[in-house]
Amino acid sequence: MLQALWRYRGFVAASVAREFQVRSRGSALGFVWNLIGPIGNVVVFTIIFAQVMRARLPGVGDIFGYGIFLCSGVFAWGLFVEIVQRGVGMFIEHGNLLKKASFPKSSLPLIVVLSALVNFAVAFGVFMVFLVVTGRFPGWVALSAIPVIALLVVFATGLATFLGTLNVYSRDVGQAVTILMQFWFWLTPIVYPIAAVPDFVRDGFAFNPMAPIVVALQRIFVEGLAPRWESLVLPILAAAVALLAGAMTFRANADDIADEL
Amino acid sequence: MNPVLELRNVGKAYRRYPNARARLIETVAPWLGKRHETVWVLRNVSLAVRRGESVGIVGHNGAGKSTLLKLITGTAKATEGSIQASGRIAAILELGMGFHPEFTGRQNASMSGQLLGLSIKEVSEAMPAVEAFAEIGAYFDQPLRVYSSGMQVRLAFSIATAVRPDVLIVDEALAVGDAYFQHKCTARMRSFRDQGTTMLLVSHDPTAVKSLCDRAVLLDHGRVIKDDAPDRVLDYYNAIIARREAEYRIREVEAREGSSRSIRSGDGLATIDSVDLLDANGQSTRALRSNAPARLRIGFAVRSPLPSMTVGFLIRDRLGNDVFGTNTHHLHGAPHPLEGGRRFECEFDIGRMSLGTGSYSIAIALHQSDSHVASNHDWWEHALVFEVLPDDEAYRVGVVNLPVRSAGIVVAGEGALR
């Protein structure tokens, strides 16, 4: 499978580039729009939200604190949602291609993950620049975000492949995922700090693999501290299970996918 | 010689679910039992194709032709049997796979080429040739959305055939583009064949199968029912069409008892029972060579006595243009009084079928005196469809085959041009 993917690397790269280019085609500002979105987010989060919410959030200090807190979670969540949502629809979206052209099907999840990563890199890049400009950049500890993001990507890829394959057989999966992701967002400490919720809710986070990931990122960028690695055991297990489930479901059904589309 | 492509007892089944819920239940809870129906679209197909051989695959819609190509290409997996292929397979199951309207012809060609399994290097090396073959000029670097559909087809075919594959699989992609480009495509495929490419071609166009293929395979209901020289297979195929048409006619007549239909009109005082086209041996046929002898036989029933019966026919080309028509009134002059409650037969000796190659339909009319406007008993549109195949004479175009002769080019006048 990897060999086939390598042979089609040009196709994968071109597809990712195309996804990125499609949005900027025909607009005068082109690539700049890809930057304006994240910049807008940072501005909204820091200036508007921070002014309204700051007083109510324990453990978040100065004027930029809450904005940084939000950005850490929201951008990471954005990456997660993009991979899962796009992944769920990827086989259906490219149904005609799968039926008519012979190429490795596994290139589709790869394209989804890579293009989500490109978008994330742009957004996160803007965030990093913001941190440097405001003097809040945490220094070397920022590098510890890389394994955390990698963990998130593995988890999301596993889920996406698993759900995307099921979605071919039953379109209900895609509909359900859209709604479940909304609940999941609010059940993850992204807009509120974990300290701000009652104990029984906090106990619930023990079952949410996304919670430790988001908390780890917030810790890196808000407090400038490396993640508590032991807290990431649940996400690591969840990522392993998701990847295994995704790979097994995909492999078992790869030959049937084109028939069912 | 070892076959390049070998299929052994290949079969393909699809699952058909009664509804989406049944599919969901079976997916999430397979232990609750089977909720689908298995539909075999191909069964026991065995085929061996040698290097450089080109095989035409013919058959009705739904006979399993496209499924067979998909199995060989690898976009679908055979349910049973084995498929072995060697070398690079290029499949044109659909032209313009992976095209996006916002990107230029060059960018789309590059994407499409990679989708066909070419490496980045091969694609960039082939690009000048793609540009030259497509002949779309400056449009090559314009976004695809400003292309005419013909230009898209040119681009798509150029990239699909940019690098000579070991096995080329083409699914009815030939009936595209203008005549000039079609000719160019055919020439390219022929040159591939001469260089050793094995070809599989699905086509409804008997002329294309005859001119490009060494062999033809007839599929019917998912089975190979004939594998022979294109001539013989096409004859056999036409015989099946004739049989189907006969069955269809019976159904049509049955349907007429209940409802009204647009292709058949008339007062019913006389009705057409049968229409048949016969070849030189008096055998029923639906495909003739150009200039071959042919007869048209019409059987009809008359309910009540008619003072001056006329039987007529009209041949139309595939676009519906009148090509030729006449009737017994004009051929005979004298009126034909017929008694009622009997069956009659009328035969037209067409002499030679001096039509150009292509598909034609015949309309039959029963009416009084010289034209069907006066009193129309039965008018049957598309009563019969037949195919005119090329003869062994020189290449010609158009709907008629005129007996043109030429002694070639000779010098006119004296001296050279100044």
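Trainee: How many other C-beta atoms lie within 10 Å of N291(B)?
Mentor: A residue is buried if 20 or more other C-beta atoms, placed from the backbone, lie within 10 Å of its own, exposed if 12 or fewer, and partly exposed in between. N291(B) counts as partly exposed. Its number of such atoms is 17.

Trainee: What kind of model is this?
Mentor: Residues are numbered from 1 along each chain as its sequence is written, while chains are lettered from A and ligands numbered from 1 in the order in which they are written. Local features need pLDDT of at least 70, side-chain atom pairs count only at pLDDT 80 or more, and totals for chains, interfaces and linings use all residues, as this is a model that is predicted.

Trainee: What is the phi of N291(B)?
Mentor: Most residues other than glycine have a negative phi. N291(B) is not a glycine, yet its phi is positive. It lies in the loop between β12 (287-289) and β13 (293-302) of chain B.

Trainee: In which strand is H382(B) placed?
Mentor: H382(B) also has a positive phi, about 50°, without being a glycine. It is partly exposed, with 13 other C-beta atoms within 10 Å. Its place is in residues 376-389 of chain B, strand β18.

Trainee: How many helices and strands does chain B have?
Mentor: Helices (H or I, at least four residues) and strands (E, at least two) are DSSP runs, numbered from the N terminus. Chain B has 418 residues, of which 36% are buried. The count is 9 helices and 18 strands.

Trainee: What share of the contacts in chain B with a separation of 6 or more comes from residues 24 or more positions apart?
Mentor: Two residues are in contact if their C-beta atoms, placed from the backbone, lie within 7 Å. Among contacts in chain B with a separation of 6 or more, the share from residues 24 or more positions apart is 73%.

Trainee: What distance separates the centres of the two domains of chain B?
Mentor: Domain bounds come from an automatic or database domain assignment. Here they give domain 1 (5-234) and domain 2 (260-389) of chain B. Taken over C-alpha atoms, their centres are separated by 40 Å.

Trainee: Which helix gives the largest share of the side of domain 1 of chain B that touches domain 2 of chain B?
Mentor: In this contact, 4 residues of domain 1 of chain B meet 4 residues of domain 2 of chain B. The largest share of the domain 1 side is 3 residues, from residues 206-212 of chain B, helix α7.

Trainee: Which helix supplies the largest share of the side of chain A that touches chain B?
Mentor: The contact takes 22 residues from each of chain A and chain B. On the chain A side, α2 (9-24), α5 (95-100), α7 (145-169) and α11 (233-260) each supply at least two. The largest share, 5 residues, comes from α2(A).

Trainee: Which residue of β7(B) stands opposite I57(B)?
Mentor: Strand β3 (residues 54-58) of chain B has 5 of its 5 residues buried. Two strands pair if DSSP finds at least two bridges between them. β3(B) runs parallel to β7 (residues 198-202) of chain B, joined by 4 bridges. Opposite I57(B) stands V202(B).

Trainee: Which residue of β8(B) stands opposite V55(B)?
Mentor: β3(B) also pairs with β8 (residues 215-220) of chain B, in the parallel sense, over 4 bridges. Opposite V55(B) stands R215(B).

Trainee: How many of the 12 residues of α5(B) are buried?
Mentor: What covers its buried residues includes β5 (89-92), α3 (105-115), α4 (120-134) and α6 (179-194) of chain B. Among those buried are M151(B), L155(B) and F157(B). α5(B) is largely enclosed by the rest of the structure, because its buried residues number 10.
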